[in-house]
Amino acid sequence: MASTQGFKLPPQPNAPLSASHAASPVQRAPQQLRTPSNRKTIYDRNLNRTRTAELSRASFAYLFSEMVSYAQKRVTGIQDLERRLNEQGYSLGLRLLPLLLYREPARTSVRPNRILPLLQFIHGPLWRHLFGRTADAIEHSSSANNEYMISDNEPLVNQYISVPKEMNQLNCAAYVAGIIEGVCDGCGLMAGVSAHNGGTEMWPGKTVFLIRFEEGVVEREGLLEGKR
């Protein structure tokens, strides 16, 4: 029988790589942002599209508990924790103000520039957007002319938070106080807002949001009242 020999490829020369090839890193094509098939992004959506959309309470409870856990890291006490929650809500309040004004009817889409219209805006449109209902009460302090109070008998942010006994003074509604403070500052009516436990026998979880306007805001309000 005739012998058969297998086919072999010729050996590759072991030539060393040049310095330019050895030093240059592997270049990859830059990644591009992925867009939907209709070529539209979130910025193309109508702002009124989610006007009546609601978030499930389970999702809210999980997200808010994670926010509290994040804010609780490296704090020195209850006041420090409430301050961090307040700061988280403040930026949200600044952004909510123009969105809510945009969604208001044209005849009422006016940025509040007086104390009473601002409080009514917080009590009504802001609270309905956040919690699906209005706040429970608006009061004017009898001891200080620059202090107002908005009450919520059952704050949603406190319903899913378990506060230990040694931190019974903690009120996680400080986050909502930050939102209110951001709305006030966005309207040019500078104020400091804090959340306080005001539980009663009927409403043990009641929270009072104390709005303390700066003296310049109160003086300006008095001047405007005198011109009427």
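1. Strands β1 and β2 run antiparallel and are joined by 4 bridges. Ile 138 has Ile 150 in β2 as its bridge partner. Strands here are DSSP runs of E with at least two residues, helices are runs of H or I with at least four, and both are numbered from the N terminus. Two strands pair if DSSP finds at least two bridges between them.

2. This is a predicted model, in which local features need pLDDT of at least 70, side-chain atom pairs count only at pLDDT 80 or more, and totals for chains, interfaces and linings use all residues. Residues are numbered from 1 along each chain as its sequence is written, and side-chain values use heavy atoms, with hydrogens and water left out.

3. The sheet is open and has 4 strands, in the order β1-β2-β4-β3, with antiparallel pairing. Its edge strands are β1 (137-140) and β3 (191-197), each pairing on one side only. On average, neighbouring strands are turned by 20° against each other, direction ignored. Helix α5 packs on this sheet and touches β3 and β4 (207-213). The direction of α5 makes about 160° with that of β3. Contact means heavy atoms within 4.5 Å. Axes are lines fitted to C-alpha atoms, for helices over the stretch in contact, and angles run from 0 to 180 degrees between N-to-C directions.

4. Helix α4 (residues 115-131) also meets α5: their axes come within 11 Å and cross at roughly 130°. That makes α4 oblique to α5 (under 35 degrees is roughly parallel, over 145 roughly antiparallel, 65 to 115 roughly perpendicular, and the rest oblique). Residues of α4 in this contact include Phe 121 and Trp 127, and those of α5 include Ile 180 and Val 183.

5. Look next at Asn 171, in the loop between β2 (147-152) and α5 (174-186). Asn 171 counts as buried, because its relative accessibility is 1% (buried is under 20% relative accessible area, exposed over 50%, partly exposed in between, with a 1.4 Å probe and protein chains only). Among the residues that Asn 171 touches, not counting those up to four places away in sequence, are Glu 82, His 196 and Thr 207.

6. Arg 74 lies in the loop between α2 (57-71) and α3 (78-103). At 74% relative accessibility, Arg 74 counts as exposed. Its phi is near 60°, a positive value in a residue other than glycine. Most residues other than glycine have a negative phi.
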